[in-house]
Amino acid sequence: MHSAPFEVRTEHVVCPMCALDRPAPYRARMYRIGETRFDLVRCPCGFVYVDPRPDGPTLGKMYDDADYYTDGYNLGVETENYFERRDELLVHYDGVVAELERTICKPGDLLELGSAGGFFLEAARRRGWRVKGIEISPPAVEYSRREMKLDIHSGDLFEAPFAPRSFDLVVADNVLEHTTNPQKVLEKLRSLLKPGGRVLVIVPSYVNSPFFRLILFLQRVVPRRFLGEQLVKILKLDPDADPKGGGYPYHILEFDRATLTALVKRAGFEVERVEGSVPLPAEVFKAKRTTPRVLVLRAIFRTLDFGMRVGVLPGARLTLVARA
Ligand SMILES: [Zn+2]
């Protein structure tokens with residue numbers, strides 16, 4: 001067994017969606033820090049969450065780990081170091097921001113909660129947005145300040161020095177599932193938006209989904225070598241396959257379309273749209289050799305993504321836009 005790289009303390013929590021305290025087992029021993037295991041539980045309301053979960057200081061230490069951006073950040077969807085993907089990500093986010101300008105609003109004041117290395121903000125700035133970020137991971141704050149001279153608040157949203165009603169758009173991309181009180185986070189973001197400003201929320205929705213339960217079933221009949229170690233890691237089929245980063249309980253909450261929509265409404269927003277999609281794993285989609293396995297997996301992921309975007313399948317990733 002691997003010993004923990006820091007002291008691990010846990011706390012019991014009630015359902016973060018409805019405050020009931022009647023957790024039923026959902027997936028035991030899903031995550032680990034060293035020898036401490038973490039279970040996913042399911043509330044009678046349907047919400048899936050980690051309980052007991054790492055306490056506040058333990059969560060802080062997880063994100064202070066310099067390996068977060070190599071091992072833990074994207075949970076294996078990408079195979080390269082996040083920071084080394086700078087050029088690729090700046091191009092990617094230029095396209096994302098262009099799409100936001102077409103569908104949400106023209107360049108204005110933009111805040112990103114969880115700005116990571118700052119590539120999204122830098123891409124937006126180059127297109128004429130005035131940008132600010134908040135980031136809890138010290139190595140990422142340091143990188144985005146040093147490399148791109150971005151204005152990033154290091155630490156907690158609730159201590160950030162931003163004036164109320166000062167942003168046109170707030171983006172929280174893969175952040176809410178990491179937070180201990182997502183409703184308070186959303187209420188705070190709403191207070192930072194100008195009247196009529198928008199929030200863009202992106203969350204994964206996989207572990208709590210029928211896909212995950214189906215894959216758990218299928219892995220009994222599909223040879224593990226067909227999936228390969230990388231996919232086993234991405235699909236979260238075996239915490240022991242990945243003793244470090246991806247095994248950490250980074251995601252302590254698991255949203256679906258209904259719970260995410262309800263939460264955003266409860267925080268005072270008017271939800272405008274929610275779209276599903278699936279992240280496309282680099283190991284499959286950037287593969288240089290197109291073996292039959294790669295072609296089959298590409299077809300499966302493309303089909304799933306199409307079904308999620310048109311709404312006949314629940315999304316493995318949800319993108320929500322709401323108005324303050
Ligand atoms: Zn509940």
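Mentor: Happy to! Helix α2 passes helix α3 in a right-handed crossing. Keep in mind as we go that this is a predicted model. In this pair, α2 covers residues 86-103 and α3 covers residues 119-126, and the two pack at an angle of about 60 degrees with their axes 8 Å apart. An angle from 65 to 115 degrees would count as roughly perpendicular and one under 35 as roughly parallel, so α2 and α3 are oblique to each other. On the α2 side, the contact is built from Arg86, Leu89, Leu90, Tyr93, Asp94 and Val97. Facing them from α3 are Phe119, Phe120, Glu122, Ala123 and Ala124. Sorted by class, the contact of α2 with α3 has eight nonpolar residues, three charged ones and no polar ones.

Now on to the other pair, helix α5 (residues 182-192) and helix α8 (residues 257-266). Their axes lie 9 Å apart, and the packing angle is about 50 degrees, which makes α5 oblique to α8. The crossing of α5 and α8 is right-handed. Here α5 contributes Pro182, Gln183 and Leu186 to the contact, while α8 brings in Leu263, Val264 and Arg266. By class, the contact of α5 with α8 comes to four nonpolar residues, one polar and one charged.

Notes
Residues are numbered from 1 along each chain as its sequence is written. This is a predicted model: local features need pLDDT of at least 70, side-chain atom pairs count only at pLDDT 80 or more; totals for chains, interfaces and linings use all residues. Axes are lines fitted to C-alpha atoms, for helices over the stretch in contact, and angles run from 0 to 180 degrees between N-to-C directions. Helices (H or I, at least four residues) and strands (E, at least two) are DSSP runs, numbered from the N terminus. Angles under 35 degrees count as roughly parallel, over 145 as roughly antiparallel, 65 to 115 as roughly perpendicular and the rest as oblique. A crossing is left-handed if the near helix is turned anticlockwise from the far one by less than a right angle, and right-handed if clockwise. Two residues are in contact if their C-beta atoms, placed from the backbone, lie within 7 Å. Ala, Val, Leu, Ile, Met, Phe, Trp, Tyr, Cys and Pro count as nonpolar, Asp, Glu, Lys and Arg as charged, and the others, Gly among them, as polar.
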